[in-house]
Amino acid sequence: MPKLTVNDVNVRGKRVFVRVDYNVPMAEKDGQMVINDATRIKETLPTLKALIAGGAKTILAAHLGRPEGKRDPSLSLRPVAAKLADLLARPVAFVDDCVGEKVEKTVEALKEGDVLLLENTRFYAEEEANDVAFSTRLARVADIYVNDAFGAAHRGHASTQGVASVVKARGGICAAGLLMDRELKFLGDELESPARPFVVILGGAKVSDKILVIDRLLEKADTILVGGAMAYTFRLVQGYKTGKSLVEPDAVSVAARALAKAADRGVRFLLPSDNVIATPVDSGKLNKKGKPVFEFQNARLNSSLDIPDDAEGFDIGPETAKRYAEVIRQAKTILWNGPMGMFEDSRFAAGTNEVARAVVDATQKGGAKSIIGGGDSVKALNQAGMGDKVTFMSTGGGASLEFLEGAELPGVVVLAEKR
Ligand code: AMP
């Protein structure tokens, strides 16, 4: 059932408490924190413009980084208020706290259409503890609760869940923001009864991270294409040699079950038939965490299903990429989560890029709906300059995965349904 959105609610003159995802990358420059990428701020603009046009008094709450319940000036949201004011072309007030008298006084002075950003909610340990008293303090300035922070909706924290429960218990409305609404539509409703063929592309590092998603999608997909390091755990199940590739021996039994389920249900489950491999060599250096840094030497094509003992698989090979691209170009619905290789290194990015091109072609020429399920596949598409050529890119990482697994996200469950 779709959720109520800000467009369904009369917000005029109301204090609307909006949880947003402003966990933006920042770096220090000349003694000041500057925002490196404002995408997350831009993505909230449709919701904020709707609230402003509707005459709401908008109060924004967000977290930034991991201050562990302590005030940390380098994790202040103040630079975000300035950036948001630029983007909205109107003033955005900022209070250096998220609860208390200062917040309440500032809210009292807000007029219809005004916007206020509160300080990082994680400066209080009570935020992540979902403390009821803290949620009640946050809710003192909320007539209506809106959640537009899909990327944080898998967390049951005070600002994502607790404050909504307080507002709801008082008979107040809890609604989805427009970004949240799009996430629920594409990752949820659109995949309920997808146009066929429905092709799922799964990659990334670990099978264990994605096994629940694989299990659920085996009930919906026509074809599953597997790449990334996770492919090697499946090859291990089949008795092939995986050399020094990143495999998860502990996940062999769940991977075997997934292969059996695919066969049982008649889902085509494709694994790479060739790979780009390299030889890892200890550089003698240590990284920031004190772990040895490896250099990957002699990157080369391996056309056998077995990987040599001294080598590690880092990308799908050209034959696999071509085979996957052909399947993708026939698809009418595509869901992609996880890169096909270690795409951050250009020697191992070709497979991911070829798959990205096929997804874009299927979308632009074949009329397919393409949904990119968050995390590193979004990064890879943007790196290849194709981010705006797919139907939808999720803004969530962990939240997208949990949602695709079919989990009920605490930040979503509390929102009212459309009647
Ligand atoms: P995930 O967060 O599970 O989607 O994993 C994404 C990460 O997996 C990226 O940082 C990739 O570099 C990494 N990755 C993908 N394929 C491989 C591979 N064959 N070996 C090692 N790392 C990989």
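Colleague: Taking helices (H or I, at least four residues) and strands (E, at least two) as DSSP runs numbered from the N terminus, where is Asp 30 found?

Modeller: Asp 30 is in the loop that runs between β2 (26-29) and β3 (32-35), and its phi is near 50 degrees, a positive value in a residue other than glycine. This is a predicted model in which local features need pLDDT of at least 70 and side-chain atom pairs count only at pLDDT 80 or more, while totals for chains, interfaces and linings use all residues. Residues are numbered from 1 along each chain as its sequence is written, and side-chain values use heavy atoms, with hydrogens and water left out.

Colleague: Which residues are joined by a cis peptide bond?

Modeller: The cis bond joins Arg 196 and Pro 197, with omega about 5 degrees, and Pro 197 belongs to the loop between α8 and β9 (198-202).

Colleague: What polar atoms lie at its oxygen atoms, say from Lys 210 or Glu 344?

Modeller: A polar side-chain atom of Lys 210 is 2.9 Å from a ligand oxygen atom, and one of Glu 344 is 2.6 Å from an oxygen atom of the ligand. From Ala 229, a backbone N or O atom lies 3.3 Å from a nitrogen atom of the ligand. The protein covers 82% of the 500 Å² of accessible area (Shrake-Rupley, 1.4 Å probe) that the ligand has on its own.

Colleague: Pockets next: what volume does the largest one have?

Modeller: About 930 Å³. A pocket here is an open set of points on a 1 Å grid over the protein atoms alone, with protein on both sides within 12 Å along at least five of seven lines, and its lining residues have an atom within 4 Å of a point; the volume is the space filled by probe spheres set on the points, which are joined across faces, edges and corners.

Colleague: And why does the largest pocket lie between domain 1 and domain 2?

Modeller: Because domain 1 (6-181) and domain 2 (193-405) both give residues to its lining, the bounds being those of an automatic or database domain assignment. The lining of the largest pocket has 31 residues, and Asp 21, Asn 23, Arg 40, Thr 395 and Gly 397 lie nearest the centre. Helices α1 (39-42), α14 (376-383) and α15 (398-404) each supply at least two lining residues, and α14 gives the most, with four. The classes in that lining are five nonpolar, 15 polar and 11 charged.

Colleague: How much space lies in the second largest pocket?

Modeller: The second largest pocket holds about 590 Å³. Its lining has 24 residues, with Leu 184, Gly 188, Asp 189, Glu 192 and Phe 403 closest to the centre. Two or more of the lining residues come from each of α8 (178-192), α9 (207-217), α15 and α16 (410-413), and the largest share, eight residues, is from α8. This lining divides into 12 nonpolar, two polar and 10 charged residues.

Colleague: How many cavities of 30 Å³ or more does the structure hold?

Modeller: There are two, a cavity being a set of grid points where a 1.4 Å probe fits but cannot get out. The largest cavity has about 50 Å³ of space, and helix α10 (residues 230-237) gives the largest share of its lining, three residues. Among the residues lining the largest cavity are Tyr 232, Arg 235, Lys 241 and Asn 275.

Colleague: What lines the second largest cavity?

Modeller: That cavity, with about 40 Å³ of space, is lined by Asp 21, Arg 40, Glu 43, Thr 44, Asp 148, Phe 150, Gly 151, Leu 179 and Thr 395. By class, they are two nonpolar, three polar and four charged.

Key
A polar contact is a pair of N or O atoms within 3.5 Å; within protein, one must be able to donate a hydrogen and the other to accept it, and residues adjacent in sequence count only if both atoms are side-chain atoms. Ala, Val, Leu, Ile, Met, Phe, Trp, Tyr, Cys and Pro count as nonpolar, Asp, Glu, Lys and Arg as charged, and the others, Gly among them, as polar.
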